[in-house]
Each structure stands twice: as structure tokens, then as C-alpha cells.
Amino acid sequence: MGSDYIIKSMNYYHANTSTVIQNTDFRHVVYTAKNIQVVFMSVLAGEEIGEEVHDEHDQTFVFVEGEGKVIIGTEKIPVHPGDLIVIPRGVYHNVKSIGPLDLKLYSFCSPPHHPRGAVHPTKESAIGAQEH
């Protein structure tokens with residue numbers, strides 16, 4: 001099975017970290033089930049997702065490439081490949097890519113948050129989609 005190995009079915013979803021690393025979209029919703037959503041993200045070196053808070057869902061980040069920091073309140077948590085951060089609903093947070101590589105990560109939303117199959121190549125397109 002090649003580096004783009006992905007299996008989707010009605011019962012499960014399976015991918016590997018190579019698939020996340022190959023993703024160049026700021027946000028790409030790759031799987032949505034009743035209670036969870038899998039999103040691949042690529043944050044350009046020096047960029048950030050922007051401060052946000054979710055009142056309807058918990059969010060988990062798993063970092064697979066690049067270096068970054070997660071800001072929760074006044075706390076700045078360095079993140080590296082292999083790190084996992086869980087953000088409960090109602091908590092303001094931000095994720096910054098500190099380079100030199102783009103920050104590649106999985107984001108899990110529970111319950112789902114984004115439209116099924118949404119693809120936002122850039123942060124600007126993601127912001128534009130939220131305004132509509």
C-alpha cells in the first residue's frame with residue numbers, strides 16, 4: 001500500500017501520517033460520522049489558525065510534521081510531531097506554526113463541526129466559508 005493509503009467505508013476510516021503530510025489544504029474534512037469528524041490541516045510556516053472557541057464540540061489535535069505552539073489562555077505549549085492536545089468545548093485556543101516547515105496535523109471534532117467533505121485550500125477561504 002502506497003503513502004496515499006486511505007480506506008473509507010460505512011463502518012470505519014483509516015489513513016496514515018503520510019497522507020496528512022501530503023495534504024496542502026489549510027482544512028480538509030476527510031471523514032464525518034455521527035459523533036466525530038476527521039480533518040487534515042496544514043498551517044503554513046509562520047501562520048496560525050487564529051484564536052477560536054467552540055461551544056458545541058471538543059477538539060483534539062495530533063501533530064505529525066513541523067513545529068508549533070498551542071496557545072490556551074496565557075499558556076504557550078510547544079508541540080512537535082507525535083504530540084496530542086485535547087481542547088474541551090468552551091476553551092479559547094490558537095495553533096501557530098513556528099516553521100521552518102508547515103505544521104501538519106489531524107484535528108478531530110466531536111461531535112462534527114464542519115460541513116461534510118469541506119475543503120479550504122487557504123486560511124482565507126476557510127474564513128470566507130464561515131462568513132456565509
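D58 is partly exposed, with a relative accessible area of 30%; buried means under 20% relative accessible area, exposed over 50%, and partly exposed in between (1.4 Å probe, protein chains only). This is a predicted model, in which local features need pLDDT of at least 70 and side-chain atom pairs count only at pLDDT 80 or more, while totals for chains, interfaces and linings use all residues. Residues are numbered from 1 along each chain as its sequence is written, and side-chain values use heavy atoms, with hydrogens and water left out.

The side chain of D58 meets that of R89 in a salt bridge, at 3.6 Å from N to O. A salt bridge is here a side-chain nitrogen of Lys or Arg within 4 Å of a carboxyl oxygen of Asp or Glu. D58 belongs to strand β5 and R89 to the loop between β8 and β9, so the pair ties together parts that are 31 residues apart in sequence. Helices (H or I, at least four residues) and strands (E, at least two) are DSSP runs, numbered from the N terminus. R89 counts as partly exposed, at 42% relative accessibility.

P88 also has its place in the loop between β8 and β9, and at 43% relative accessibility P88 counts as partly exposed. P88 and V53 are 35 residues apart in sequence, and their C-alpha atoms are 9.3 Å apart in space.

A search of the whole structure finds two salt bridges. One of them joins K96 and E48, with the closest N and O atoms 3.6 Å apart. K96 lies in strand β9 (residues 94–97) and E48 in the loop between β4 and β5 (58–65), so this pair ties together parts that are 48 residues apart in sequence. K96 is partly exposed, with a relative accessible area of 28%, and E48 counts as partly exposed at 25% relative accessibility.

The next topic is the sheet. Strands of a sheet pair through backbone hydrogen bonds, either parallel or antiparallel. An open sheet of six strands has the order β8-β5-β10-β4-β3-β11, with antiparallel pairing; two strands pair if DSSP finds at least two bridges between them. β8 (84–87) and β11 (119–120) stand at the edges, each with a single partner strand, so one side of each is left without a neighbour in the sheet. β11 pairs with strand β3 (residues 27–32) in the antiparallel sense over two bridges. Opposite V119 in β11 stands H28.

The aromatic side chains come last. A pair of aromatic rings is described by the distance of the centres and the angle of the planes. Rings of Phe, Tyr and Trp (its six-membered ring) pair if their centres lie within 6.5 Å; planes under 30 degrees apart count as stacked, over 60 as edge-to-face and the rest as tilted. The structure holds four aromatic pairs. In one of these, the rings of F40 and Y106 have centres 5.6 Å apart and planes at 80°, so the pair is edge-to-face. F40 lies in strand β4 (residues 37–43) and Y106 in strand β10 (residues 103–110), so the pair ties together parts that are 66 residues apart in sequence. F40 is buried, with a relative accessible area of 3%, and Y106 is buried, with a relative accessible area of 12%. F61 and F63 form a tilted aromatic pair, at 6.2 Å centre to centre and 40° between the planes. Both F61 and F63 are buried. F40 and Y106 form one aromatic cluster with F108.
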